[in-house]
Amino acid sequence: MFNKTVAELSRALRRKEISSVELTRVFLERINKYKDLNAFITVDPERSLAQAKAADARIARGQAGALTGVPIAQKDIFCADGWLTTCGSKILSNFTAPYDATIIEKFNKAGSVCLGKTNMDEFAMGSSSETSYYGVVKNPWGTDKVPGGSSGGSAAAVAARLAPAATGTDTGGSIRQPASLTSLTGLKPSYGRVSRYGMIAFASSLDQGGPMCRTAEDCALLLNTMAGFDPRDSTSVDEPVPDYTKSLGQEIKGLRIGLPKEYFSAGLSQDVAQVIQAAIGEFKKLGAQIVEISLPNSRLAIPCYYVLAPAEASSNLSRFDGARYGYRAKDYTDLLDMYCKTRAEGFGAEVKRRIMIGTYALSAGYYDAYYLKAQQLRRLIAQDFERAFQSCDVIMGPTSPTTAFKIGEKSDDPVAMYLSDIYTISVNLAGLPGMSIPAGFAPDGLPVGLQLVGRYFDEARLLNVAHRYQQATDWHKRIPKGFE
Amino acid sequence: MSLDREQVRKIAHLARLHITEQEAVAYAETLSRILGLIEQMNAVDTAGVAPMAHPNEAGLRLRADAVTEPNQREKFQKIAPAVEAGLYLVPKVIE
């Protein structure tokens with residue numbers, strides 16, 4: 001049962017071949033058995049099983065939807081009423097969310113079961129899930145390796161079959177890069193597609209929640225529930241939500257795939273390049289045409305991002321002051337001292353670095369040189385994509401320049417860590433939808449992900465293209481050794 | 001652009017982060033390296049390019065000025081570090 005996809009589990013539940021309570025127990029036992037992966041920050045079997053029981057009653061009444069009774073792990077960045085919601089930080093180590101994020105509310109309404117809250121880089125700031133206050137997450141494909149980040153707990157959980165699916169969030173690659181490093185199918189929707197209400201904010205103009213699953217079909221099922229207009233998120237876009245499962249089977253003959261030459265140059269590991277070329281070859285067999293394109297400003301995406309994201313973070317994270325919720329320092333002299341000590345003790349080193357970079361970039365005298373300049377570059381990066389999409393329908397390339405790296409390898413060098421997101425960040429800056437799908441394995445046995453980038457609000461096409469590839473290949477079906 | 005300890009202390013104060021002398025030294029080094037990365041931006045001439053603040057430039061919606069949320073003071077205050085008589089407690093601000 002634990003190796004079935006969401007689509008398969010959904011059918012088994014509705015045919016009453018298994019109950020949601022039984023299924024939830026299967027996964028809770030696996031979570032416990034493989035707790036050394038450190039994929040979860042919080043599990044609450046009583047709560048999960050109560051939801052499963054309610055789902056079974058709903059199935060018995062004949063009122064089940066596609067996700068009713070399906071256990072799903074939630075990234076610990078989403079507020080869930082009554083659940084500890086830490087965002088990977090000490091500063092929220094005692095924060096029991098008093099309300100549901102919109103997507104949690106939607107999953108609850110669909111009748112899915114919350115399996116627990118997954119581990120992550122603190123405030124989603126990281127590419128390795130090593131900055132969590134709750135310890136490092138391990139990659140099931142090699143437990144001395146990182147699972148990527150920031151949604152590394154969700155990635156490890158789904159890859160190790162501790163959950164059939166999970167949610168993630170992606171500000172600069174935090175769904176796609178861990179999906180790539182753990183052989184999953186992950187989708188970062190277009191900016192505005194999925195509500196950000198109740199999703200703890202890192203960089204508000206870049207953050208977007210999305211599904212992390214084993215197949216494109218499962219991502220379509222989850223996105224059907226997650227997507228949609230939300231009046232409580234001022235940046236939510238009021239566009240109709242298609243049934244993303246409907247277009248999965250469409251032919252992709254004649255599809256024009258753009259390969260950005262900048263994504264295949266220096267910095268890309270040869271092992272990764274070979275797997276990506278083989279995957280492109282598979283698409284040619286499926287009838288796709290290859291077009292060479294150029295994204296000339298993509299090399300500036302990292303410097304641009306490391307101004308904009310920290311600037312927004314420094315503002316968003318100013319709310320954590322120890323006054324109304326969360327951790328408060330024990331010893332302080334006055335109000336200012338309470339703020340400073342609470343934040344010094346509550347935040348980890350990477351979060352502090354980003355808050356300080358952002359504070360500096362926004363401070364008097366530096367605003368034009370940093371923040372304004374970065375916003376201008378953001379425009380150039382977005383225009384590169386607009387131009388490229390005149391000659392192609394989907395852009396493809398590697399998700400990450402390397403396979404999963406060793407735990408500790410980059411944790412003392414923030415600049416080296418930032419370069420892990422070189423191919424993913426520009427997609428967030430432009431607000432476009434992006435996916436990572438399993439494309440094979442490097443000679444060291446570690447998975448490689450293929451990135452797909454689509455036009456604004458073109459998620460249905462990305463899912464269709466990914467699904468066709470998964471019908472022709474079986475990379476997405478491989479299980480890491482020791483978790484069979 | 002590299003930052004010295006004094007600048008780091010000033011930034012930390014603006015960001016309401018208490019830092020020790022030792023931390024100021026370490027942050028001066030790492031933040032300077034990050035700024036070195038950021039300064040690659042200067043390689044491109046962006047004169048006349050309109051800044052892009054947001055992927056969705058259609059503008060923000062307005063909503064009716066109506067009460068939509070119920071009062072949940074007790075629920076919210078249950079998770080506060082210190083409350084008294086329905087108020088959040090912080091150190092004395094006015095002598």
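Contact here means heavy atoms within 4.5 Å.

## Ground rules

This is a predicted model, in which local features need pLDDT of at least 70, side-chain atom pairs count only at pLDDT 80 or more, and totals for chains, interfaces and linings use all residues. Residues are numbered from 1 along each chain as its sequence is written, chains are lettered from A and ligands numbered from 1 in the order written, and side-chain values use heavy atoms, with hydrogens and water left out.

## The listed active site

An unreviewed UniProt entry lists Lys75(A), Ser150(A) and Ser174(A) under "active site". These residues are spread over 100 residues of sequence, yet they cluster in space, with a largest C-alpha distance of 11.2 Å. UniProt positions follow the numbering used here, feature names are shortened, and annotations may be inferred rather than shown by experiment.

Take Lys75(A) to begin with. Lys75(A) lies in strand 2 (residues 71-75) of chain A. Helices (H or I, at least four residues) and strands (E, at least two) are DSSP runs, numbered from the N terminus. Is Lys75(A) buried or exposed? Lys75(A) is buried, at 0% relative accessible area. Buried means under 20% relative accessible area, exposed over 50%, and partly exposed in between (1.4 Å probe, protein chains only). Leaving aside neighbours within four places in sequence, the contacts of Lys75(A) include Lys117(A), Thr118(A), Ser150(A) and Ser174(A). The side chains of Lys75(A) and Ser150(A) are joined by a polar contact of 2.8 Å. A polar contact is a pair of N or O atoms within 3.5 Å; within protein, one must be able to donate a hydrogen and the other to accept it, and residues adjacent in sequence count only if both atoms are side-chain atoms.

Ser174(A) sits in the loop between strand 4 (166-169) and helix 6 (176-181) of chain A. Ser174(A) counts as buried, at 6% relative accessibility. Not counting residues up to four places away in sequence, Ser174(A) touches several residues, among them Lys75(A), Ser150(A) and Thr169(A).

## Where chains A and B meet

The contact between the chains involves 52 residues of chain B and 72 residues of chain A. Together they bury about 5,300 Å², with 69% of it on carbon and sulfur atoms. In chain B, Met41(B), Met52(B) and Arg61(B) lose the most area to chain A, together 14% of what that side buries. Buried area is the accessible area (1.4 Å probe) that two parts lose on being put together, summed over both.

The interface has 19 residue pairs in polar contact (both at pLDDT 80 or more). Helix 2 of chain B gives the most to the side of chain B that touches chain A, with nine residues.

## Salt bridges

Side chains of opposite charge can pair when their charged atoms come close. A salt bridge is a side-chain nitrogen of Lys or Arg within 4 Å of a carboxyl oxygen of Asp or Glu. How many salt bridges does the structure hold over all chains? The structure holds 26. Two of them cross the interface of chain B and chain A.

One joins Asp81(A) and Lys75(B), with the closest N and O atoms 2.8 Å apart. Asp81(A) lies in the loop between strand 2 and helix 4 (102-110) of chain A, and Lys75(B) in helix 3 of chain B. Asp81(A) is partly exposed at 31%, and Lys75(B) is partly exposed at 32%.

Arg33(B) forms a salt bridge with Asp413(A) at 2.8 Å, N to O. Arg33(B) also forms a salt bridge with Glu29(B). Arg33(B) and Glu29(B) are four residues apart in helix 2 of chain B, so about one helical turn separates them.
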